[in-house]
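Colleague: Could you walk me through this model, one question at a time? I would like the cut-offs along with the answers.

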Amino acid sequence: DFSKIQSGMLVLDVRPFLLHDCIDRTLEIVQMKAEAKGLELVSWVSSAVPWVLSGDSGRLRQVLLNLLGNAIKFTPKGRVVLRCHPSPDHRRLLFEVQDTGIGLSEASIGRLFQPFVQADASMTRRFGGTGLGLVISRNLV
């Protein structure tokens, strides 16, 4: 996906889909990891969000899996929450993932969206990963 995005060759599969189904299927995928760590996994969708959307549900699921996966990976205890609500101008949807995890320093936040970079080198050894998930997600959104 990263090379397709960089070359401008990524094609989106835009079609109508049910947002609640997309979110439910996404949560089902990460639920076992959350439960294995004793984490509470919660979702909330505003009643102002339409049930049927037009877009690439597979790519949306990919972005949500990345965000939720990171939240679960870096949260030793507590909860991970996915929220969805309209933007203030109601032209877009906003998805938020909140967790009770380890947090990030200001310096680490600046490196989050750089390819092949993680918050710090010890994270790679401790948690694994390539450092591409957030870069791909940012480019998909």
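Predicted model: local features only at pLDDT ≥ 70, side-chain atom pairs only at ≥ 80, totals over all residues.

Colleague: Thanks! What pattern does the chain follow along the sequence?

Modeller: Helices (H or I, at least four residues) and strands (E, at least two) are taken as DSSP runs and numbered from the N terminus. The chain has six helices and five strands. Read along the sequence, they give α-β-α-β-β-α-β-β-α-α-α.

Colleague: What share of the 141 residues counts as buried?

Modeller: Buried means under 20% relative accessible area, exposed over 50%, and partly exposed in between, with a 1.4 Å probe and protein chains only. For the 141 residues of the chain, the buried share is 33%.

Colleague: And among contacts between residues at least 6 apart in sequence, what percentage joins residues at least 24 apart?

Modeller: Contact here means heavy atoms within 4.5 Å. Among the contacts between residues at least 6 apart, the share that joins residues at least 24 apart is 66%.

Colleague: Let's look at α3. What distance does this helix reach from its first C-alpha to its last?

Modeller: Helix α3 covers residues 57-73, which is 17 residues.

Colleague: At the start of α3, which residue's backbone nitrogen does a side-chain oxygen of D56 reach?

Modeller: A polar contact is a pair of N or O atoms within 3.5 Å; within protein, one must be able to donate a hydrogen and the other to accept it, and residues adjacent in sequence count only if both atoms are side-chain atoms. The side-chain oxygen of D56 comes to within 3.1 Å of the backbone nitrogen of G58.

Colleague: Which residues does T26 contact beyond its neighbours within four places in sequence?

Modeller: T26 sits in helix α2 and counts as buried because its relative accessibility is 0%. Several residues of α3 are buried as well, including R61, L64 and L68. Beyond its sequence neighbours within four places, T26 is in contact with R61, L64, L65 and L68.

Colleague: Is T75 buried or exposed?

Modeller: T75 lies in the loop between α3 and β4 (79-86). A polar atom of the T75 side chain is 2.4 Å from the backbone oxygen of A71. With a relative accessible area of 0%, T75 is buried.

Colleague: What separates the C-alpha atoms of L39 and R79?

Modeller: L39 is in the loop between α2 (19-36) and β2, and this residue is buried because its relative accessible area is 5%. Among the residues that L39 contacts beyond four places in sequence are I72, T75 and R79. Although L39 and R79 are 40 residues apart along the chain, their C-alpha atoms are separated by 5.1 Å.

Colleague: Which residue forms a salt bridge with R79?

Modeller: A salt bridge is a side-chain nitrogen of Lys or Arg within 4 Å of a carboxyl oxygen of Asp or Glu, and the whole structure holds one. This pair links strand β2 with strand β4, 39 residues apart. R79 is partly exposed, at 35% relative accessible area, and the closest N and O atoms are 3.9 Å apart in its pairing with E40.

Colleague: Last one: which residues make the nonpolar surface patch of about 330 Å²?

Modeller: Patches are made of residues with over 30% relative accessible area and no salt bridge, joining like charges within 9 Å and nonpolar side chains (Val, Leu, Ile, Met, Phe, Trp, Tyr) within 5 Å. Areas come from the Shrake-Rupley method with a 1.4 Å probe, and for residues only the protein chains shown count as cover. W51, in the loop between β2 (40-45) and β3 (52-55), is exposed at 58%. The patch is made by L18, W51 and V52.

Conventions
Residues numbered from 1 in each chain as written. Heavy atoms only, no water. Expected span 1.5 Å × (residues − 1).
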